[in-house]
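Hi there,

Here is the structure I promised to pass on.

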Amino acid sequence: MEERRLGPVVGLGTWNTFRDDTALARAVVETALAAGVRCFDTSPMYGSERALGAALEGRRDKAAVLTKIWTPSADDARRQLEDQLAWFGHIEVEQVHNLVAWEQHLPWLEAERDAGRVGELGVTHYSSSAFSELARALRTERFRTLQIPLNPHERTAERELLPLAAELDIAVIVMEPFDSGALLRRQPRAEELAPPRPFGIETWPQALLKWVLSDPRVDLVIPATSKPGRTAENAAAGEPPWLGPEERAYVERLAG
């Protein structure tokens, strides 16, 4: 799998996946690691942190954990971090989830980073209505990662945030590559997927992931799944060659 600034370009999201089901988490994580996935994204919102920590026992050195602080309370935020450190030992990327109290949390998170308990700091939001505030946070130059939605149905970030991230040398993490599943409800016919097949595309999810990763400003895409077999299928989309403008436009037409 190709690697960019955060490691292999296909990671694993955990929103609405295994939650606190440790056995399922182990099955998904084991398959993901075998397929070359190294970045695992989670959050207190998802209810999956503890299970992910258990699934990474004995192989924590093979993974990068991307999690989040998600609370307006300073005390609760510190409790969230302490729990995360207990489960993971170290946090490679600590993000402020959905911009919640980001200005309040940033100074103490920077202190935790400087103390070596967390790595890079990032910021996220799922809604394009918050992109102007995300841009304001990025312009402080105190965040090194940005997590945003990007797919053929939601391309606002291409105009509003990807140019700024490139200018500031901020690594970009893409959530919702399948538009919360909406893009998977209608699967193109096999013959419709024939044109992009020379790019290593065998399935519609792979076409959508390749579409995202063919933008060189994107460092990591984190499709979520609770199906171990799907993790290997998704990971295969992280291999070059990448789509050119014509091929990306073709995937956009298939997406409707």
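This is a predicted model: local features need pLDDT of at least 70, side-chain atom pairs count only at pLDDT 80 or more; totals for chains, interfaces and linings use all residues.

Residues are numbered from 1 along each chain as its sequence is written, and side-chain values use heavy atoms, with hydrogens and water left out.

The chain holds ten helices and ten strands; these are DSSP runs numbered from the N terminus, helices being H or I with at least four residues and strands E with at least two. Its radius of gyration is 18 Å, close to the 18 Å that the globule rule gives for 256 residues, so the chain is as compact as a globular protein of that length. That radius is taken over C-alpha atoms, and the rule is 2.2 Å times the number of residues to the power 0.38. Along the principal axes, the C-alpha trace spans about 55 × 40 × 30 Å. Of the 256 residues, 55% are buried (under 20% relative accessible area, 1.4 Å probe, protein chains only).

Now the sheet: eight strands form an open sheet in the order 3-4-5-6-7-8-9-10, with parallel pairing (two strands pair if DSSP finds at least two bridges between them). Strand 3 (12-13) and strand 10 (220-221) are the edges, each pairing on one side only. Strand 10 pairs with strand 9 (residues 171-175) in the parallel sense over two bridges, and Val-174 stands opposite Val-221 in strand 10.

Best wishes

Technical notes: Buried means under 20% relative accessible area, exposed over 50%, partly exposed in between (1.4 Å probe, protein chains only).
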